[in-house]
Amino acid sequence: MIHLQNGQLSISIHPDGAELRSLKHHDREYLWSGDPVYWGKYSPVLFPIVGTVKGNRYTHDGQSYSLPRHGFAREKTFAVEQSGVNKARFTLSDDEATRAVYPFSFRFHLTYELQGARMILTYTVENPGEEDLFFCLGAHPAFAVPLAPGLVYEDYHLEFSEPETAGRWELEGGLLKTTPTPYLSGIIRIPLSKELFSRDAIVLKGLRSSTLVLASDKDPHGVRFSIEGWPHLGLWAAPGADFLCIEPWQGHADHVDDDPDIRQKEGVVLVEPGRHWSKAWWVELF
């Protein structure tokens, strides 16, 4: 386990999946406990796909390949390339096993950095190969709800930085339906409840907001989360569990009628040989 701290924050990251396992602000834990009764993850990375591809298969250059939901990176052990007091970098590279299911050369880096009360996670994907690289990528951090003793899940809400009007892309067998259902109409705040995720994740596209706040009117502590630059957002909690996942995505599960060609997937990123792509999100604790 790799530990970082800066006087305000302390975090722990496991090389397995380069997964954040603890996120504390002045000794208050903000991350989900990883209770396997509900969901045994904490903050997995989704790469090289987000969600489910139709039939768990996709095609590239006329060949068909199989990938599990959310890809394979969360199940791989990353190399620790850098580990300091307040910054650490983890790397996963392609190998024989990955190329059997994902025929691309890649170097995938996760860089964690602490700045005051803010943790920044930067994803960088390099293409060291001789052919174009295609991928999707997403985050899946789970925050503890409630954050304070004596409060309950329903005491909390999500607040967008801008009024939002957006449909909800509902899931059917792990795939998105072809059209959204009306959901947000000039809304800034979503009250939390355990029933909110009874029909699986809430998937939103094209939001205007740069940040989301998870907070309660009954307690001064909360989370400010950056979604700026991420075209898709998932919100999810396992049935009955005391957490909320805030998931910025570049890409999402296939629609029920999507083409299996990886090049055609919405949100897919193309990185040319010798080039790289990078995107970050941050979370600020208060």
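A cavity, on a 1 Å grid over the protein atoms alone, is a set of points where a 1.4 Å probe fits but cannot get out, whereas a pocket is an open set with protein on both sides within 12 Å along at least five of seven lines; in both cases, lining residues have an atom within 4 Å of a point. Grid points are joined across faces, edges and corners, and a volume is the space filled by probe spheres set on the points. The structure is a predicted model, in which local features need pLDDT of at least 70 and side-chain atom pairs count only at pLDDT 80 or more, while totals for chains, interfaces and linings use all residues. Residues are numbered from 1 along each chain as its sequence is written, and side-chain values use heavy atoms, with hydrogens and water left out.

A search of the whole structure turned up two cavities of 30 Å³ or more. The largest cavity has a volume of about 60 Å³. Its lining includes Pro48, Ile49, Val50, Cys136, His252, Ala253, Asp254 and Lys265. To sort a lining by class, Ala, Val, Leu, Ile, Met, Phe, Trp, Tyr, Cys and Pro count as nonpolar, Asp, Glu, Lys and Arg as charged, and the others, Gly among them, as polar. On this basis the largest cavity is lined by eight nonpolar, two polar and two charged residues. The second largest cavity holds about 30 Å³ of space and is lined by His252, Ala253, Asp254, Asp258, Lys265 and Glu266. Here the classes come to one nonpolar, one polar and four charged residues.

The largest pocket has a volume of about 230 Å³. It is lined by 18 residues, and those closest to its centre are Arg69, His70, Leu171, Asp200 and Ala201. By class, this lining is made up of nine nonpolar, five polar and four charged residues. Asp200 also deserves a look for its backbone: its phi is near 75°, a positive value in a residue other than glycine. Asp200 sits in the loop between strand S18 (181–191) and strand S19 (202–205); helices (H or I, at least four residues) and strands (E, at least two) are DSSP runs, numbered from the N terminus. With a relative accessible area of 29%, Asp200 is partly exposed, where buried means under 20% relative accessible area, exposed over 50%, and partly exposed in between (1.4 Å probe, protein chains only).

Asp27 has a positive phi too, of about 70°, although it is not a glycine. Asp27 belongs to the loop between strand S3 (19–25) and strand S4 (28–29) and is exposed, at 70% relative accessible area. Two cis peptide bonds can also be followed along the backbone. One joins Phe47 and Pro48, with omega about 5°, and Pro48 lies in the loop between strand S5 (45–46) and strand S6 (57–60). Another runs from Val145 to Pro146, with omega near 5°.

Now for the interior. A nonpolar core is a set of buried Ala, Val, Leu, Ile, Met, Phe, Trp, Tyr and Cys residues joined through side-chain atoms within 4.5 Å. The largest such core has 95 residues, and Tyr102, Phe108, Tyr112, Met119, Tyr123, Phe135 and Phe243 have the most contacts inside it. Strand S23 (residues 243–250) gives the most to this core, with five residues. Beyond its neighbours within four places in sequence, Met119 is in contact (heavy atoms within 4.5 Å) with residues including Leu9, Ile11, Tyr112 and Trp281.

Trp281 is part of strand S25 (residues 276–285) and is buried, at 1% relative accessibility. Leaving aside neighbours within four places in sequence, its contacts include Met119, Tyr123, Phe225, Trp230 and Pro248. The side chains of Trp281 and Tyr123 make a polar contact of 2.9 Å. A polar contact is a pair of N or O atoms within 3.5 Å; within protein, one must be able to donate a hydrogen and the other to accept it, and residues adjacent in sequence count only if both atoms are side-chain atoms.

Glu170, in the loop between strand S15 (156–168) and strand S16 (171–172), is buried, with a relative accessible area of 12%. Its side chain makes a polar contact of 3.4 Å with that of Thr181. Not counting residues up to four places away in sequence, Glu170 touches Leu175, Leu176, Lys177, Thr181 and Arg199. Lys177, in turn, is partly exposed at 31%.
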